[in-house]
Each structure stands twice: as C-alpha cells, then as structure tokens.
Amino acid sequence: MDYPITPVAFTEVTFDDRFWLPRLTTNREVTIPYDFRKCEQTGRIDNFAKAAGLMEGPHEGIYFNDSDVFKVVEGAAYSLHLHPDPELDAYLDGLIAKIAGAQEEDGYLYTARTIDPEAVDPEREGLTRWSNLKVNHELYNVGHLYEAAVAHFQATGKRTLLEVAIRNAELIDQVFGPGKLNDVPGHEEIEIGLAKLYRATGERRYLELAKFFLDQRGQPDRGNLQSNFDNPGYMQDHLPVTEQREAVGHAVRAGYLYSGMADVAAWTGDRAYVDALDALWHNVVAGRMYLTGGIGAHHHGEAFGDDYDLPNAEAYAETCAAIANVLWNHRMFLLHGHAKYLDVLERTLYNGFLSGISLQGDTFFYANPLASDGEWPFNVQTGAVRSPWFDCSCCPTNVVRLLPSLPGYAYAHRGGDLYVNLYVAGAATVRTAAGSVTLTQHTDYPWSGATRITIDPPAEAAFALRLRIPGWARNEPVPSHLYRYLDAAGDAPSLRVNGAPARIEMEHGFAVVRRRWRPGDVVELDLPMPVRRVVSHDGVTGNRGRIAVERGPLVYCAEGADNGGKALALSLPDAAVLTAEHDRGLLGGVTTIRGGGLTLIPYYAWSHRGGSEMNVWLRRA
C-alpha cells in the first residue's frame, strides 16, 4: 500500500515566478553557504572530523547539533538538483566523507558520545548508548540523517550518504523492536526518516521499525525511564498514538509525530491511525492554530495551549513548528485528497513559515509573534529583530531544507486525476498511465489570483484536471469556525477552457475539469482577491473586539515603520475603505493595503526596517 495520491517529485517540477524563485535563489546563493559556514564556525562540522579521528579536541556545542548539519545537507541536495553546482557538489562529497568517518564500526553515529565516551553528560546523553532517549536525541539526529541521505541520493544518484544511513538503520533495527529494547525517542523524527528510507530502499523492516516506535508511545508497562518522565505529554508519550485526540506538548515534536503516523497509516492501512490523525487535525485547526498557520502557543515547553489559548505578543509559533505543520498537512492531503489540508499548508507556508527568514536570507526568527512592542524579540547586537543564529539553531537549518523542496508540494496525481495544489509559475511533468503530461503555469500569485495553465499530453487523452479553489476564495479562511470573514465574499472564482467560460464543478475543494485533452489546451482560473477582514472565535480572548486583514493567501500586519512608529494601539474602523496597491520597490515587491489612515504590509515581510511595533489583530473601535 501507499498514499492514495502521489505527489509529483521535486525533481519533476520547476519554479519560474517572481515570488518563490527569488527565494529559492537566495536560499541557494546565501542561506545554504551561510548555514554551512555557521556550522563550521560553531564546531558542528568539526565534531564529525573529531569523531572520525581527523582532528583532536572535545565535542563542541549541544548534543543534537549533528542534526543541523544533516538538515543543511538535505537542503543542499534539493538545491543541487534545481541548480547544478560543481563546487557545492564537491563540498558535500567532502562533508559526507567526514560523516562516514565519524560512524562507528557497527553503524552508530552520535558525535557527542563517539568523540569521548567518558566525557558525556549523564544527565543529557546518558552513561551508555540508548540510556537517556527522552533527552539525548540519539534517534532524532539520525532521523534527519535518513532524510538527508534520501534527498542526496534522489538529487545526485550517489549512494555515499545513503549507505551511511542504511548502516545506522540496520543497527537501530538490531537494538529496538519486539523482544529487544522497548523505548521511544523524546523528540520524534526518526519515524519520518525511516519511512523515507523504506521508500528509497524497499526494505520493509524500516517501515515496521517506524511503526514500532509509534506504537510504544503511551505504554505504561514499557518498563523504561521514559515512562517516569514527569510530563510525558510534552513528548506525546501520555497515551498510545491511536488514542490521542488532543494536540498537546511540544508543537514541533507533535507535528513530526503526526507526519510519521500519516506515513505509517498510508502504508499499513491502519484505520486506528487514520481516526486519531483526523481527530488531532480537527483539534488543531478548530482551536489551536494561529491565523498565520503557526502552532505552539507557549514559550514554556514550546507547547500547544488549550483550545482558543492563542496569545499574540507572547505567541511562540516556532518556525520549525510551522514547517512541521506543512509536512503534516501535505501528508493529510495525500491520505484523504481534500483541499482543506492544502489550504492550511498554504496559509502556514506564506505566513507562519515565511516570516521565519529574512528577505536577505541570513537572519531568522525562532518564534513568530503576532504582535511586538519592538523590543522583543529585538536583537540589540545586530540592530535587527531577526537573529543571525541561535545556540539551538534548529530553525535556520530547517528553513534551508524546506524552501528548495517546495516544488514537490505543487502537484499530485491519482489514476486519471491531475492535481494543481499550489499556484506558482513554472512547469511540471506528471507521469501518468497515459504518458507524461506537461503542465505549464503562468501566474503572479500571491499578488494576483489569475492563473493560466497549458496542458500538454503526449497525445489526445482523457483525464480530470483538479484545480484547488483556496478556502480564502470560498469565504472560508480556515476549515473550521476558529476564524471567519467579517465582510461579504464578493465575486466568485471563474474558469475558462480554451477561452470559453466553463462551469466550476467542485469536489473536495477542487474545481474539476474532465475532458479529452489535446496538446496546447489552456485553462484559465481567476480567483478574485478582495481585501478581507477576519474575526476570531469569541473564545480567543485576546482577539475580542479586533480584526485582522487578509488578501489572497496573505495575512497582513501594521508595522511602526509605516505608521508613525506605532502599531499596537492602532484602530481600523469597520467603515474604513481598504484598497490594495502593489509597490515593487518596497520589501522586495509587495502589495500594501491602505485605509483608515493605516498602511498594512504582508506579515511575512515585517521586521526588515529596524525594530518597531508590529500588530496583526487591530482594534475595531
């Protein structure tokens, strides 16, 4: 078995647009080399050289720093396919040689222990291998290794890193499983990595091992230290995964757990997994997700709050949690085929994720609040809100891998159906039973909702083209009652096929066009983009009497730089007329919204003009 819907691989898609392509270019030219340089400066890469016996010295930094290097390798691999770079390719070859050298003879890979087993901190790493999994990230690290290895293999065809991953996975399979060691990692991730390794190698033991780790969670008779952790909900170890119905604990860990559960559900057909995932998803979307798609309300424990507990200035909404939300919702779409999951993915992508990296590509947010007084999280040393790095730099290294993987989210197929999930100018080759179909998009999304798609099958062929009609274009900001639009919907989406108007037939959030397609056929979709006011469920106390503003997939905010230095006390009366105007010279080119004496910019673009107040939810009075 597999997911009912198959994504079109990133290797089959190209972006050629004004919004995402420049960001992918910045990621390739700035962020990837920047992150590698930071990994060198902070000793993350030297740790592999030390473990390999290539240099002397103690382990540097945090015990899970290995994972940061693996994530940047993954991003670099995606980027290599999108834009061949012999220098980067050679750099990766050298780095992979160090990683392979750091691997112990039996496949173990954890530089914090290998460099000097006597120097490890027993409170963190544990006295022996696997003795403190709730803290030490031994399995978390190698989960990211597996993801990087598969990406590198897909992008380059080289097996050097893949062989390192396989050797490690074989060791993990020898140690853990029924009748062996019964324990689970404190930070989920290996489950996702094992599922990817299974797909790349066809070795089903890896999938069964992923399911084992999932099924051991919440088992009170497991007989290990994990069961005695004072807050098992922090790591989603409070209940068996098939019994979990509320999203609790560390939001990144939860998102990774749910993604791993979706992989196992797809490949095993376990209905109990699907039922749990459906309930967890509804719980998040109906009461525990920010308008930006951010998840994780609290700094303490980087955790979910209760329903409607969504503070704005104190919001954590970690960039890594937004990435986890993207990963999870993509899998939910592949599992169920409904556009509502892609609506959440898109909202998170354009807002809660994209705010986490600057336009220049070398400063980052860890947390993504929806209001700021300009002092926090102000970085006094740099004079900018975003930070150039963090001691725990999971977010900068996570951003660098998601961006170049985005082409793999844009399209999918199932039998005779072709899905257009994201609107991005470029092209895709979809391999179907009828042959390879080329789809070419022309659009200026997210600034315009007009999209033209040329369909080129190898010969005349019958199939259904499914075009996502975003929730925001169907008068539904999110697929729940957590947020709603205050004003009328306005014009409806319209569709034309070869210049002739066509009736929109909706199925599961997609406009479906069924016909015999000929090479050169053209579909034109127009999604009107009026400015919309959004209000929250009354249970979100901090948003009572306030509105937010959206246009298309973008959430907007007021920033002091545009409003006399003020944002927190600003009001936007309901009667104020709001107009949109594109400004190519502002913040890399953005559409601003003006009205009621205010100027609003896309939320992702705040904090590029020094420290000043920012606010998403404005007073209505």
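This is a predicted model: local features need pLDDT of at least 70, side-chain atom pairs count only at pLDDT 80 or more; totals for chains, interfaces and linings use all residues.
Local features need pLDDT of at least 70 and side-chain atom pairs count only at pLDDT 80 or more, whereas totals for chains, interfaces and linings use all residues. Residues are numbered from 1 along each chain as its sequence is written, and side-chain values use heavy atoms, with hydrogens and water left out.

Figure 1. A pocket is an open set of points on a 1 Å grid over the protein atoms alone, with protein on both sides within 12 Å along at least five of seven lines; lining residues have an atom within 4 Å of a point. The largest pocket holds about 770 Å³ of space, a volume being the space filled by probe spheres set on the points, which are joined across faces, edges and corners. Of its 31 lining residues, Pro 7, Gln 154, Lys 196, Arg 199 and His 330 lie nearest the centre. Elements that each supply at least two lining residues include β1 (6-7), α7 (138-156) and α9 (190-201), while α13 provides the largest share, five residues. Helices (H or I, at least four residues) and strands (E, at least two) are DSSP runs, numbered from the N terminus. The lining comprises 17 nonpolar, six polar and eight charged residues. Here Ala, Val, Leu, Ile, Met, Phe, Trp, Tyr, Cys and Pro count as nonpolar, Asp, Glu, Lys and Arg as charged, and the others, Gly among them, as polar.

**Figure 2. Lining of the second largest pocket.** This pocket has a volume of about 310 Å³. Phe 19, Pro 22, Arg 23, Leu 359 and Gly 588 lie nearest its centre among 19 lining residues. Helix α1 (residues 20-41) gives the most to this lining, with five residues. By class, nine lining residues are nonpolar, eight polar and two charged.

**Figure 3. Helix α3.** Residues 66-82 form α3, which supplies at least two residues of the lining of the largest pocket. The 17 residues of α3 reach 25 Å from first C-alpha to last, close to the 24 Å expected at 1.5 Å a residue; the expected span is 1.5 Å times one less than the number of residues. Of these 17 residues, 15 are buried (under 20% relative accessible area, with a 1.4 Å probe and protein chains only).

**Figure 4. Nonpolar cores.** A nonpolar core is a set of buried Ala, Val, Leu, Ile, Met, Phe, Trp, Tyr and Cys residues joined through side-chain atoms within 4.5 Å. The largest has 207 residues, of which Trp 20, Phe 36, Tyr 146, Phe 176, Leu 439 and Leu 467 touch the most other members. A second, separate core of five residues includes Phe 10, Ala 77, Tyr 78 and Ala 151.

Figure 5. Ile 469 lies in the loop between β9 (461-468) and β10 (483-485) and is buried, with a relative accessible area of 2%. Not counting residues up to four places away in sequence, its contacts (heavy atoms within 4.5 Å) include Met 506, Phe 510 and Leu 525. Ser 612, in the loop between β21 (598-602) and β22 (614-615), is buried at 14%.

**Figure 6. The largest cavity.** A cavity is a set of grid points where a 1.4 Å probe fits but cannot get out. The largest cavity has a volume of about 60 Å³, and its lining includes Asp 343, Arg 347, Trp 472 and Glu 476. Four lining residues are nonpolar, two polar and four charged.

Key: Buried means under 20% relative accessible area, exposed over 50%, partly exposed in between (1.4 Å probe, protein chains only).
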